[in-house]
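Please read the following briefing alongside the sequence and the coordinates.

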Amino acid sequence: MSSSRILTLVTGGIFYFLFQVLILKNLVLFGIAFCFLYIFFILLLPVQVKTIPTLLISFILGLGVDLFYDTMGIHTAALVAVGFIRYRWLQVLVPTGGYDDDLMPSILNMGFGWFLSYSLPLILIHHSIFFYIESLGTDLFMSSVQKIIGSAIFVFIMSIIVQLLLYRRRRGI
Amino acid sequence: MQRILLFLYKIRAFLLFVLLEVIAIWMITSHNSQQGAAFFNSSNQLIGSMLGAQNDVVEYFSLSSVNKSLVDKNAELLAELEKLRQPADSVFIELDSLLSSTFQFKGAKVINNSLRLTQNHLTINKGSNHGIKQGMGVFNEEGVVGRVKNVSKNYASIISLLHTELLISSKIKSNDVFGSTKWDGNNPKMAKLMYVPRHVVVEKGDKIVTSGYNAVFPEGIPIGTVVEIKPGPETNYLDITIELATDFSKISYVYLVENFQQQELDSLYQSTGLKYE
């Protein structure tokens, strides 16, 4: 990766982070649909980023989000799990002919169907871990399930909008 | 030996994953104890200042409702003052000031708030420099808000009443029966009043206020009104649902209360083996 590419990625990360903790934090639809858009920074890293760098990036990003949400460690635990699975999941979903180098697995590059099957399971894993830990010690199973499904749908739609508006084909942000 | 090392190298990603998860879980457990490490939360200096800057922009949108509630509170206090003002012809006996001023009040601005999680917190823009201490009670003009959890120099984080592990000692205003208010994690407008025995007669619309037993809050700060009474799943207690007096979605300014005799009370409770929540 060239250094200018890394610079765009870092700027993108900071943008995702600030957008999440300053604006999206206060946005909860119908009391159940949270918008954890910052996951998509991890999901949209270029495909050749391997597991170890992904893990470290997700740890730092999760920690930052946790500090603002006052949910110490919960976002981190959920996001690190996503970072661990991401590379393997990409290998499972590899299209015929393989990935191009330096490809961003966004909806513009890969198409809607592929993107849906790539991102939705990862979102669900993240949300399940987050809301499960978050509601530990209470008997709120049903409301957690509502929150998981509501938030997953909301954040998926939100990410499509963001990608269509702010991303370019082939190269990021 | 070489094989073991080679194997470990092969699964290095997995090992790192386990390590990071363990760190995360350690943070979750240590934070959930009532007094977490002061650095890792929103009362941290840097995070507090960022939240403060954000709040400087957002607060303008709620100014009119804030003004209205402050005016209402002022009117209420003026009426109370009028009641207390001594008539010109009566004999006035001054109480010893040591007895009268057990509580001290402070004001602060809320810069961060959540209400949709099961464990919600607030952040305020005052800290140890302004005399805020751990464990102080927090309320606003409508009713109880929570308790101070962590304090940094200029910011403090507060466990909201909307936190499934916070119990507030409370009583029914009409008949002085006491219980504990606890949020059940569902609806940010409702909470439960627990440990009220079955023989007690509770009516819909009864006011619930702080009891003053645990010395965090002075007696009589509103908590909510009873909306539903059911025989509880446990045989001894009623299942009472109350509507909270505080609208948590609109909190912008809060008052903090400190009890000067808290330490004395705590050590007394400890030496007698009593524990109050």
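In this predicted model, B:Asp176 sits in the loop that joins S6 and S7 of chain B. Its phi is positive, near 60°, although the residue is not a glycine. B:Asp176 counts as exposed because 9 C-beta neighbours lie inside 10 Å, and the cut-off for that class is 12 or fewer.

**The hairpin and its neighbouring strands in chain B**

- The loop that holds B:Asp176 is the turn of a hairpin, in which 5 residues stand between S6(B) and S7(B).
- Strand S6 (residues 167-172) and strand S7 (residues 178-182) of chain B are paired in the antiparallel sense, with 5 bridges between them, and within this pairing B:Ile168 has B:Thr181 of S7(B) as its bridge partner.
- S6(B) also pairs with strand S9 (residues 207-210) of chain B, again in the antiparallel sense, and this second pairing runs over 3 bridges, with B:Ile172 standing opposite B:Ile208 in S9(B).
- Another positive phi in a residue other than glycine belongs to B:Tyr195, where the value is near 65°; this residue is placed in the loop between strand S8 (190-194) and S9 of chain B.
- B:Tyr195 has 18 C-beta neighbours inside 10 Å and therefore counts as partly exposed, a class that lies between the limit of 12 or fewer for exposed residues and that of 20 or more for buried ones.

**The barrel of chain B**

- Chain B contains 6 helices and 12 strands, and 6 strands close into a barrel in the order S1-S2-S5-S4-S3-S12, with antiparallel pairing.
- Direction ignored, neighbouring strands of this sheet are turned against each other by 45° on average.
- Strand S1 (residues 103-113) of chain B is joined to S2(B) by 3 bridges in the antiparallel sense, and B:Val110 stands opposite B:Ile124 of S2(B).
- H3(B) lies across S1 and S2 of chain B, and its direction makes an angle of about 80° with S1(B).
- Of the 277 residues of chain B, 32% count as buried, while residues 24 or more positions apart account for 60% of the chain's contacts with a separation of 6 or more.

**The overall form of chain A**

- Chain A has 7 helices and 2 strands, which follow one another along the sequence in the pattern α-β-β-α-α-α-α-α-α.
- The radius of gyration of chain A is 16 Å, close to the 16 Å given by the globule rule for 173 residues, so the chain is as compact as a globular protein of that length.
- Taken along the principal axes, the C-alpha atoms of chain A fill a box of roughly 50 × 30 × 30 Å.
- Buried residues make up 40% of the 173 residues of chain A, and 71% of its contacts with a separation of 6 or more are between residues 24 or more positions apart.

**A helix and a loop in chain A**

- Helix H3 (residues 51-69) of chain A has 19 residues and should span 27 Å at 1.5 Å a residue, which agrees with the 26 Å between its end C-alpha atoms.
- H3(A) is mostly covered, since 14 of its 19 residues are buried, and the helix is followed by A:Asp70, whose phi is positive, near 60°.
- A:Val94 is found in the loop between helix H4 (74-92) and helix H5 (107-110) of chain A, and it is exposed because 10 other C-beta atoms lie within 10 Å, under a cut-off of 12 or fewer.
- The C-alpha atoms of A:Val94 and A:Leu43 are separated by 15 Å, and the two residues are 51 residues apart along the chain.

**Where the two chains touch**

- The contact between the chains involves 27 residues of chain B and 25 residues of chain A.
- On the chain B side, helix H2 (12-32), helix H3 (45-58) and strand S2 (119-124) each supply at least two residues, and the largest share, 11 residues, comes from H2(B).
- The residues on this side of chain B divide into 11 nonpolar, 13 polar and 3 charged.

How values were computed. Residues are numbered from 1 along each chain as its sequence is written. Chains are lettered from A and ligands numbered from 1 in the order in which they are written. This is a predicted model: local features need pLDDT of at least 70, side-chain atom pairs count only at pLDDT 80 or more; totals for chains, interfaces and linings use all residues. Helices (H or I, at least four residues) and strands (E, at least two) are DSSP runs, numbered from the N terminus. Two residues are in contact if their C-beta atoms, placed from the backbone, lie within 7 Å. The expected span of a helix is 1.5 Å times one less than its number of residues. Ala, Val, Leu, Ile, Met, Phe, Trp, Tyr, Cys and Pro count as nonpolar, Asp, Glu, Lys and Arg as charged, and the others, Gly among them, as polar. The radius of gyration is taken over C-alpha atoms; the globule rule is 2.2 Å times the number of residues to the power 0.38. Two strands pair if DSSP finds at least two bridges between them. Axes are lines fitted to C-alpha atoms, for helices over the stretch in contact, and angles run from 0 to 180 degrees between N-to-C directions.
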